[in-house]
Amino acid sequence: MKYIIRVFDFHTKKETIKLDEVFETKDAAEAAIEKLKLQYPEKYEYVKVPVKC
């Protein structure tokens with residue numbers, strides 16, 4: 001299954017960043033989330049969403 005990442009502001013809970021990249025595996029999406037967390041610690045909440053392609 002493929003995944004996309006949705007990024008929400010931690011305080012307002014509104015979607016803030018649109019990521020167009022589609023990840024081939026759950027592990028790839030989780031690795032990308034970890035990289036984003038290092039760039040923006042405690043600023044955003046990340047959700048991986050399964051997609052049908």
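Analyst: Start with R6 and E15. In this predicted model, R6 forms a salt bridge with E15, and their closest N and O atoms are 2.9 Å apart. How exposed are the two partners? R6 has 33% relative accessibility, so R6 counts as partly exposed. E15 comes out at 31%, so E15 is partly exposed as well. The cut-offs explain the label: buried means under 20%, exposed means over 50%, and partly exposed lies in between.

Now turn to E45 and K13. Their side chains meet in a salt bridge, at 3.2 Å from N to O. This pair links distant parts of the chain. E45 belongs to strand β3, residues 44–51. K13 is in the loop between β1 and β2. The two are 32 residues apart. E45 is partly exposed, because its relative accessibility is 33%.

Next comes E24 with K2. These two form a salt bridge too, with the closest N and O atoms 3.7 Å apart. E24 lies in the loop between β2 (15–18) and α1 (26–39), while K2 is in strand β1 (residues 2–9), so the pair ties together parts that are 22 residues apart in sequence. K2 has 28% relative accessibility, so K2 counts as partly exposed.

In total, the structure holds 4 salt bridges. Among them are R6 with E15, E45 with K13, and E24 with K2.

Terms used
Residues numbered from 1 in each chain as written. Predicted model: local features only at pLDDT ≥ 70, side-chain atom pairs only at ≥ 80, totals over all residues. Heavy atoms only, no water. Helix = DSSP H or I, 4+ residues; strand = E, 2+ residues; numbered from the N terminus. Buried < 20%, exposed > 50% of the residue type's maximum accessible area, 1.4 Å probe, protein only.
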